[in-house]
Amino acid sequence: MPDREVLITAEDITVTYGEVTALDGVDFRLNSQEIVGLVGDNGAGKSTLIKCLSGVTQPDSGEIRIKGEAANLSNPRDAKDKGIETAFQDLALADNMTVTQNIFLGREEVQHVGGILPFLDKGKMKQRTEELLDRVNIDISPDEKVKNLSGGERQLVAISRTLLSDPDIVILDEPTSALSVEGAEQVIDLIEGLREQGISIILISHNFEIVKRVVDRMQILYQGTNAGVLPSDAERDEIVSRMVAGQPQQTA
Amino acid sequence: MIEGNQSIGERFANIDSSSIGRHAPIVGLIGMYALFGIYTENFLTVSNQINVLNQSAIIGVLAIGMSFAIFCGEIDLSVAEIMQFVGLLIAALATGMLMWPQLPPLVAIIIGLLVGVGLGGVSGYITSRFDVPSFMTTLAMLFLASGFGLITTNSRPVLSLPGELVFFGGESILSVPVLVIVFIACIVLGQLILSYTRFGQHVYAVGGNREAAARMGVNVMRIRMGVIMISGGFAALAGLLMLGRIGSATPTMGVGYLLPPIAAVVLGGADLFGGEGHMYGTLIGVLILAVLSNGLNLMGVSTEAQLVAQGIILMLAVIANVMFR
Ligand SMILES: Nc1ncnc2c1ncn2[C@@H]1O[C@H](COP(=O)(O)OP(=O)(O)OP(=O)(O)O)[C@@H](O)[C@H]1O
Ligand SMILES: [Mg+2]
């Protein structure tokens, strides 16, 4: 196996929302060409951690380094500029807009009419959207409004949006929770395909059976704290124990 | 989606409630044209139709600015007072009433328009920076602009205006009022911005899902501030047009000009909560209001009864707005 570059390290991350401490001194690491699972019970802090990594939330304390450099991710643009793309748990889609408009939201392609006026390049955006939809393997029109899509289709639109900028790192927060068994299989195939293209992935789910199948290792969070990093072939009971009790299984 | 090989019946079965909502405004307008065309003699004459456009143009220009705000999930309650203040300001500057010597009319106009944009910018900045509902900031601006207007001319009207000031709202080119030309041009410009610029896309995105837009890197503050600035700018333009329309500037010329633009945008099918709508809808909404009052006038219906009719139509539009979406 080639030497793996460290892409992301997060050290001692603490996030509070008023009285609630969502994360309390959590560490995290992602290497290149790696799929890391982030598992934990509801409210364990998984989404909060990835919101820090995607510039949506700013930690109260702690340090995030990306490719070795200290990174101050003060807004989502900063994270995108550093090659981190995220499909959020709530998808963050604008229902009133089309698939194409959502995929390009915030980075619309423009062409300069008469050399000056920047007008949207709708043809180019539609064509790129068709390619992306093809890549995630869904058959929907780029001009369809997102509000008319099924839960699974919306999920795949959110995932395809992460691929637009050829990112190094893709974060998927609960990408299978809205999907049928068949749909979930499709996402797993997709994740494996992305790994082959050299993309590193953080996969978040509280369904660790799914996580186990694709990840290289998994990090467990318990009530906002680290509850260990396990190999993907860890025992089921071991994982469950850390998820629900925050510590290794007690051996009798 | 409609497949190519469906029968007509299947196509009709496929008309969903949102497409009813989408076409209701234009159907309503056409219905009114038919009604007034049949029941009055002069409604469909060219001169009366130009009259309808002329009567609707100032509300129309205000409604264009208001559309930007409403599509983005905001509202601008200060448009009538900004219009009035800017009208008075331009008149006072160009006649030397505010300071001597008087400014060239064109300079007065430019200053007036910039002041409108600036006042919108103040409300917009406070709205977006401190996340205060635009409902409140523009209400405060309503009082401010009203006061500024009275201060500018000492509560007096400005009666004799230079020709340049009345040109836009009062003259005609080839018997088409300049006012109407400006209104139509603004409609087209407004929709060009909404449909073909990044800013326009972001207006709809912020109106539809502000949080999602922010997560995708849209500068939500800038967009929210921008739409209220634009609304202030169109209100200022309406102030200039008003000078020609009534031939003077009066400290009460904004009275009654707040609610019709809002009504027009809603009649045009915009989502009350933002994210949906377009300028052609706003145009139709403006025309519905103008055609209604013009047609009822021609039928000899009293002003009181006209208000009742407007109220009923608006109520129906609001119901359609929330039902068919
Ligand atoms: N914006 C917020 N305001 C207040 N509390 C929050 C906010 N976001 C998260 N929390 C709290 O922080 C804690 C961690 O939430 P988080 O969403 O990160 O958990 P999670 O592991 O993603 O859970 P789930 O499996 O339900 O998605 C929870 O107690 C949650 O209620
Ligand atoms: Mg979560």
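User: What does "buried" mean for a residue such as A:Ser47?

Analyst: A residue is called buried when its relative accessible area is under 20%, and exposed when that area is over 50%; values in between count as partly exposed. The model here is predicted. In it, A:Ser47 has a relative accessible area of 18%, so this serine is buried.

User: Which residues coordinate the magnesium ion (ligand 2)?

Analyst: To read a metal site, one looks for N, O and S atoms within 2.8 Å of the metal. Here the magnesium ion (ligand 2) is coordinated by OG of A:Ser47 and OE1 of A:Gln89, at 1.9 to 2.1 Å. The two residues come from distant parts of the chain, 42 residues apart: A:Ser47 belongs to helix α1 of chain A, while A:Gln89 is in the loop between β6 and α3.

User: Is A:Gln89 buried, exposed or partly exposed, and why?

Analyst: A:Gln89 has 43% relative accessibility and therefore counts as partly exposed.

User: How can the length of helix α13 of chain B be checked?

Analyst: The expected span of a helix is 1.5 Å times one less than its number of residues. Helix α13 of chain B has 20 residues (279–298), so it should span 28 Å; the C-alpha atoms at its ends are 28 Å apart, which agrees. The helix is mostly covered, with 17 of its 20 residues buried. Just after α13(B), B:Gly300 adopts a positive phi of about 80°.

User: Where is B:Ser123 found, and which residues does it touch?

Analyst: B:Ser123 is found in helix α5 of chain B, which covers residues 105–130. Leaving aside residues up to four places away in sequence, B:Ser123 touches B:Thr137, B:Thr138, B:Met141 and B:Ile228. With 3% relative accessibility, B:Ser123 counts as buried.

User: How far apart are B:Ser123 and B:Phe135 in sequence and in space?

Analyst: They are 12 residues apart in sequence, and their C-alpha atoms are 9.7 Å apart in space.

Methods: Residues numbered from 1 in each chain as written. Chains lettered and ligands numbered in written order. Predicted model: local features only at pLDDT ≥ 70, side-chain atom pairs only at ≥ 80, totals over all residues. Heavy atoms only, no water. Helix = DSSP H or I, 4+ residues; strand = E, 2+ residues; numbered from the N terminus. Buried < 20%, exposed > 50% of the residue type's maximum accessible area, 1.4 Å probe, protein only. Contact = heavy atoms within 4.5 Å. Donors = N, O, S within 2.8 Å, 3.2 Å for Na, K, Ca; no water.
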